[in-house]
Amino acid sequence: MVESVRWPGVAAARTGDDPATTGSAHAPLVRQRSGRVVGGVAAGVADHLGVPVLWVRGVFTALAALGGAGVLAYGLLWISMAPEPADAPSREESSTERMQGIGLAVLGVGLAIAAGALTGTIGRWVIGPLGAVLVGTAVVWREADEAQRRRWLGSARSGVAGALMGGGGASAVVRVLGGVGLVVTGMAMFLLTKVDFAAMQSAVVAVLATLVGVAVLTVPWWLRLVRDLNEERRARIRTEERAEIAAHLHDSVLQTLALIQKQPDVPREVLRLARGQERQLRGWLYGPSGYGRRGPEGEAGAGAGPAGNLAEAVATACGEVEDAFAVKVQQVVVGDCELDERLVAVVLAAREAVVNAAKHAGVGEISVYAEVEPERVQVYVRDRGKGFDPEAVSEDRHGLADSIRGRMERHGGKVRLRTAPGEGTEVQLEMPRSRNGAKSAGKEARR
Amino acid sequence: MSDQEAQGTAETGSRPVRVFLVDDHALFRTGVRAELDHAADTVQVVGEAGSVDEAVAGIGHYRPDVVLLDVHMPDGGGAEVLRRVRPTLPEVVFLALSVSDAAEDVIAVIRAGARGYVTKTISGRELAEAVCRVAEGDAVFSPRLAGFVLDAFADRPGAAPIRDPELDLLTPRERDVLRLLARGYAYKEIASELFISVKTVETHVSSVLRKTQLSNRYELSRWASDRRLV
């Protein structure tokens, strides 16, 4: 029987990450790869806001007329928005839409220049050199974006040149060189027209200009470096998590499956192995302390003295009997509390009752129900088996008398027995909860 | 539950209960189908689905009496199927089937509208009985679910104040019935233990189911809201 297993924590974390399952109404703000005209910013913004891309492009164009604000906004968004993942689905875009986009982009730049020229808010030097720098930078960045996508697809890793060129072929080299040329020309023009070389150390200015140029041209590479580092860290965490799960499954489930394959003719043994494995896996997946962190519980928590919780101790005790006798023990615990000497005694007595049922009742299933109430703890062990006549139990059978009744009464508890031949058996254990469990500590140890 | 009680199956009449299976594991669906085929006179599997979308479409098409619903599936699990089917087909009854031991999962699917919960290790005959019982309009509480519900309604320090006593508290009788259910008693045995009729036991269990679905007590609503069900 195949059963679905899940890791509650992992699942929750995943649904938290995934924007699709959180039901967010907005697409994440990323630059689009398909259907872009310059950098994919307008398409990304349109997707995020849920409006037609034409509107966004129109707004950028209109803003461009206001002293070039649209161009500036576009550039800033281009730098700050992450590109969408390489495996994102591509969108259909009609050629009309594309032509409109290109037209609007040209119009926007034209408007910015014209408005600047008309109002005189930006000097002529901006239109000339700075404009050249901007266009050159845009060309190089766009090419770097394209190169990055190719690099992700081919998973090639190289330095700045690789990031900028990315194996895009001769046309890419031409485009990048053209962009670099524009930037260099623009900066040179700026320096030549505006800076008085005589007043300054020309070498310092040249070095500064070079540094600024390199910094501007390599912005995409720096951004990518940061993103790659984050991505690598996430991937490493995922890998470690996977390795831990794989190791656990190997140590437990695969070993058990191998054992089961070795003895297919012994159904009892197969059942025992399967039950034991199921319980272990459940403990690891859902258990209160989780697999691995659970200490050596030993004999139903008895060996460790008054430590741990009642629910855990009952589960362990039932599991041991399941393993030893190849029966199914269905256990339900309502409430929980810390174990003390008395409750350890209750758990041991209950275990003995389960063992009796497994040995003598002749049925495959035993029910255990434990309830913690403010002033007492009750445990019921029930089977639907043969039942017996309590009066007729021979004197040499000590299980019920000593291990259950004796143990419970020594600690101030009570035992009731409901059984008759053919009616099944129910052992009812009741123990008042003590405020100080130390009183009866010595008695159990003497046994 | 055992041979001592077959009252669930005997009373269903001539027409077998039509069952639709929803589980993302094909192997498990095959297993359940094979087991239910042994009880072909009372239960008939009319269709199955391996995903939430398939399930919604299949239930709409076959109009089964009972849907056996896996709690854990991709795309929202059993609760999502319940949310999408119940508004249009309120007469279809759901029985949750799960390996999960997590109380919040079980309570969440009950609050989404399932009429009962059984674990996947249940035998084929017991499953057929449970199917017949929910088809008749009763609730099916496995001992484990009874334990969870007792726990959820327990008065422990820090629990939310009771706003609606009608919904937020179990009556002593309902508590007794749940305890016996958790101890592994069949309805018939509970009836004779408490000196009431089987019908009264069924009424108590249905009432507990209603309270579990409607109460806004802290534990219940927290479990549900953690799972984004409220």
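1. Helices, of at least four residues, and strands, of at least two, are DSSP runs numbered from the N terminus. On that basis chain A comes to 15 helices and five strands. The model is a predicted one, and the remarks below should be read accordingly.

2. Of its 447 residues, 38% are buried. Among the contacts in chain A with a separation of 6 or more, 68% are between residues 24 or more positions apart.

3. Thr256(A) is placed in helix H10 of chain A, which covers residues 219-262. Is Thr256(A) buried or exposed? Its relative accessible area is 10%, and since buried means under 20%, Thr256(A) counts as buried. When neighbours within four places in sequence are left aside, the contacts of Thr256(A) are with Leu273(A) and Gln277(A).

4. The largest nonpolar core holds 53 residues. Which of them touch the most other members? They are Ile59(B), Val81(B), Phe94(B), Phe141(B), Leu178(B) and Leu181(B). Apart from this core lies another, of 35 residues, including Val314(A), Val372(A), Val377(A) and Ile404(A). As general background, nonpolar side chains in soluble globular proteins tend to be buried together.

5. Beyond its neighbours within four places in sequence, Leu181(B) is in contact with Phe141(B), Pro143(B), Ala146(B), Tyr187(B), Ile190(B) and Val205(B).

6. Helix H6 of chain B spans residues 124-135. From first C-alpha to last, the 12 residues of H6(B) reach 16 Å, close to the 16 Å expected at 1.5 Å a residue. Because 10 of these 12 residues are buried, H6(B) is largely enclosed by the rest of the structure. The buried residues include Gly124(B), Leu127(B), Ala128(B), Val131(B) and Val134(B), and also the charged-class Glu126(B), Glu129(B) and Arg133(B). After H6(B) comes Gly137(B), with a positive phi near 100°.

7. Glu126(B) belongs to helix H6 of chain B. With a relative accessible area of 12%, Glu126(B) is buried. Glu126(B) and Leu36(B) lie 90 residues apart in sequence, while their C-alpha atoms are 9.8 Å apart in space.

8. Leu36(B) is also part of the contact between two helices of chain B, H2 and H6. Helix H2 (residues 26-37) packs against H6(B) at an angle of about 80°, the axes being 8 Å apart. H2(B) is therefore roughly perpendicular to H6(B). On the H2(B) side the contact involves Val32(B), Glu35(B) and Leu36(B), which meet Gly124(B), Leu127(B) and Ala128(B) of H6(B). By class, the residues in this contact of H2(B) with H6(B) are four nonpolar, one polar and one charged.

9. How do H5(B) and H11(B) lie, and at what angle do their axes cross? Helix H5 (residues 103-111) and helix H11 (residues 198-214) of chain B have axes that come within 8 Å and cross at roughly 100°. This angle makes H5(B) roughly perpendicular to H11(B). Ile107(B), Ile110(B) and Arg111(B) of H5(B) meet Leu209(B), Thr212(B) and Gln213(B) of H11(B). The contact of H5(B) with H11(B) comprises three nonpolar, two polar and one charged residues.

Definitions and conventions:
Residues are numbered from 1 along each chain as its sequence is written. Chains are lettered from A and ligands numbered from 1 in the order in which they are written. This is a predicted model: local features need pLDDT of at least 70, side-chain atom pairs count only at pLDDT 80 or more; totals for chains, interfaces and linings use all residues. Side-chain values use heavy atoms; hydrogens and water are left out. Axes are lines fitted to C-alpha atoms, for helices over the stretch in contact, and angles run from 0 to 180 degrees between N-to-C directions. Angles under 35 degrees count as roughly parallel, over 145 as roughly antiparallel, 65 to 115 as roughly perpendicular and the rest as oblique. Contact means heavy atoms within 4.5 Å. Buried means under 20% relative accessible area, exposed over 50%, partly exposed in between (1.4 Å probe, protein chains only). A nonpolar core is a set of buried Ala, Val, Leu, Ile, Met, Phe, Trp, Tyr and Cys residues joined through side-chain atoms within 4.5 Å. The expected span of a helix is 1.5 Å times one less than its number of residues.
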